[in-house]
Amino acid sequence: MARRRATGFLKDFQDFINRGNVVELAVAVVVGGAFGQIVDAVVTLVTGAILNPTLQTLGIDRIRDWPAGELLIAIINFLVIAFVVFLVVRALEQFKRKEAEVAPDPQQQLADAANRLAAALESRQL
């Protein structure tokens with residue numbers, strides 16, 4: 001009886017793994033985590049290179065000390081992260097557009113091949 005339950009459990013687990021896109025989801029989570037680290041690095045770079053000198057010029061030591069400082073920091077981080085993601089998505093879309101322009105249409109290739117074959121047969125009068 002216990003063996004039947006274990007076998008049934010393993011069968012259910014195997015069906016779960018084979019169903020849907022579990023492996024693709026796992027890959028997406030891992031890649032998303034790595035991408036999150038890249039975005040965090042860019043946010044740190046942008047805030048360190050642009051925002052901190054600007055705040056020092058304005059004579060502001062710490063935003064966190066303000067009543068709504070944490071909220072302001074969260075909003076700034078969101079805007080920088082959204083902008084970085086926008087730039088990445090835009091670059092990928094441009095890459096895909098260029099790839100689509102370069103890739104010849106399969107139907108057009110077939111039509112061109114048929115025309116070349118017909119021309120070759122006519123020239124040989126076959």
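Helix 2 (residues 22-57) has 36 residues, which at 1.5 Å a residue should span 52 Å, and its end C-alpha atoms are 51 Å apart, in agreement with that expectation; the expected span is taken as 1.5 Å times one less than the number of residues in the helix. Helices here are DSSP runs of H or I with at least four residues, numbered from the N terminus. This is a predicted model, in which local features need a pLDDT of at least 70 and side-chain atom pairs count only at pLDDT 80 or more, whereas totals for chains, interfaces and linings use all residues. Residues are numbered from 1 along each chain as its sequence is written, and side-chain values use heavy atoms, with hydrogens and water left out.

**Confidence**

- The chain averages a pLDDT of 79, and 91% of its residues score at least 70, where pLDDT is the predictor's confidence in each residue, on a scale from 0 to 100.
- Confidence in the chain is lowest in helix 1 (residues 2-18), with a mean of 78, and highest in helix 3 (residues 69-102), with a mean of 83.

**Along helix 2 and just after it**

- Helix 2 has a kink of about 35°, centred on T47, where the bend at a residue is the angle between axes fitted to the seven residues ending there and the seven starting there.
- T47 is also one of the buried residues of helix 2, together with V39, V43 and L55.
- G48 is found in helix 2 and is partly exposed, with a relative accessible area of 35%.
- Just after helix 2, G59 takes a positive phi of about 80°, and the C-alpha atoms of G48 and G59, 11 residues apart in sequence, are 16 Å apart in space.

**The largest pocket**

- The largest pocket has a volume of about 280 Å³, the volume being the space filled by probe spheres set on grid points that are joined across faces, edges and corners.
- A pocket is an open set of points on a 1 Å grid over the protein atoms alone, where a 1.4 Å probe fits and protein lies on both sides within 12 Å along at least five of seven lines, and its lining residues have an atom within 4 Å of a point.
- The lining of the largest pocket consists of 13 residues, and N52, L55, I63, R64 and I73 lie nearest its centre.
- Helix 2 and helix 3 each supply at least two residues of this lining, and helix 2 gives the most, with five residues.

**Distances across the chain**

- D15 and V88 are 73 residues apart along the chain, and their C-alpha atoms are separated by 36 Å.
- Q14 and I63 are 49 residues apart in sequence and, C-alpha to C-alpha, 52 Å apart in space.

Definitions and conventions
Buried < 20%, exposed > 50% of the residue type's maximum accessible area, 1.4 Å probe, protein only.
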